[in-house]
Amino acid sequence: MKTDRRNFLLSGSAVMAATATGMLVNSSTSAAATTGNASQTVDISWLGGATMLIDFDGHRILTDPTFGEGEQAYFMADPNEMFDLAKGPNARDHARTTPFPGLDLSSVDLMIISHMHEDHFDQLAEKSLPKSLRTIVPTNDAENLAGKGFQNQMIMDWGQSTTITTKNGQITVTVIPAHHSPNPQVNAMLGKGNGYWLTFETGDWRKDIYWTGDTFPTDEVMAAVKTHGIPDILIPHMGAVGTTGPLGQISMGAEQVLQMADTLGQPNILPIHHSTYPLYLEPVSRLIEQTDFAQTRIDLIAEGSTIAYS
């Protein structure tokens, strides 16, 4: 049976999760507090899961939007349950254990998507986001996203880049390969997703961020990352999802994150894709327990918090 990201773990658009009770608009995450020169600061707000609001020089980037709350936060197949690989997993409602911090949708200039599993693009996000929002989307998921009404797409494949001009500088977005599994057969089954290397520049000031997407530090991934040098900030997607299911592990755990950080010269680690959902099997405390703080810095922030890099 031929399977890919669009028909294996995706639930499809026919079933909608229950609407969350929380407001999407929350001024606390619409304009982050900064210090010093605002054009020489990258403010990153973590909104839970893989969802972040990245603010540089007045330009705001939303990543992998997930807005649902409660016991029916989103509807998706469960890779943590045992299932027949020939038939695929059963789809069900998934809970969110934390409240959504809120987001002023009118403040978003660009959305970037790693892939279209519903723990990265949920039903409430599909319903709430303006369909005209400029969106960077992987090649595998462009048709799916267009079918949901999002036509303002920049379809980007591995190795491709785009540059966005801001008031005082620019942002360059480059697509990095993302391998959803270290097992080549499972990776092919799940389909092709994206990670992103983000470069923020103004004058002679620069910050480089590697936002991994759901990936592992395979040889191909690390070779692509190394062509860009050493990132200032590594934002890994964690949770060790799938370890109890037939696909095996399909997101990084602490061991893989620390391996990646060591290979990349020990950048600051800002972990995400943990704690928000029971889907994530490994607690982020495992990363803290395994870290040698003499050489590695972990920037662990709460959902709804903002960290400034200057």
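Author: A residue counts as buried when its relative accessible area is under 20%. The model discussed here is predicted.

Reader: Is Tyr277 buried or exposed?

Author: The relative accessible area of Tyr277 is 2%. The limit for burial is under 20%, so Tyr277 is classed as buried.

Reader: How many aromatic pairs does a search of the whole structure find?

Author: The search covers the whole structure, and its total of aromatic pairs is 8.

Reader: How many residues apart are Tyr74 and Tyr277?

Author: Tyr74 belongs to strand β4 (residues 74-77). Tyr277 is in the loop between β14 (268-269) and α6 (285-290). The pair thus links distant parts of the chain, 203 residues apart.

Reader: What kind of aromatic pair do Trp197 and Tyr210 form?

Author: The centres of Trp197 and Tyr210 are 6.4 Å apart, with 25° between the planes. Planes under 30 degrees apart meet the cut-off, and the pair of Trp197 and Tyr210 is stacked.

Reader: Which strands hold Trp197 and Tyr210?

Author: Both residues are buried. The pair ties together parts 13 residues apart in sequence, because Trp197 and Tyr210 lie in strands β11 (residues 193-202) and β12 (residues 205-211), respectively.

Notes
Residues are numbered from 1 along each chain as its sequence is written. This is a predicted model: local features need pLDDT of at least 70, side-chain atom pairs count only at pLDDT 80 or more; totals for chains, interfaces and linings use all residues. Side-chain values use heavy atoms; hydrogens and water are left out. Rings of Phe, Tyr and Trp (its six-membered ring) pair if their centres lie within 6.5 Å; planes under 30 degrees apart count as stacked, over 60 as edge-to-face and the rest as tilted. Helices (H or I, at least four residues) and strands (E, at least two) are DSSP runs, numbered from the N terminus. Buried means under 20% relative accessible area, exposed over 50%, partly exposed in between (1.4 Å probe, protein chains only).
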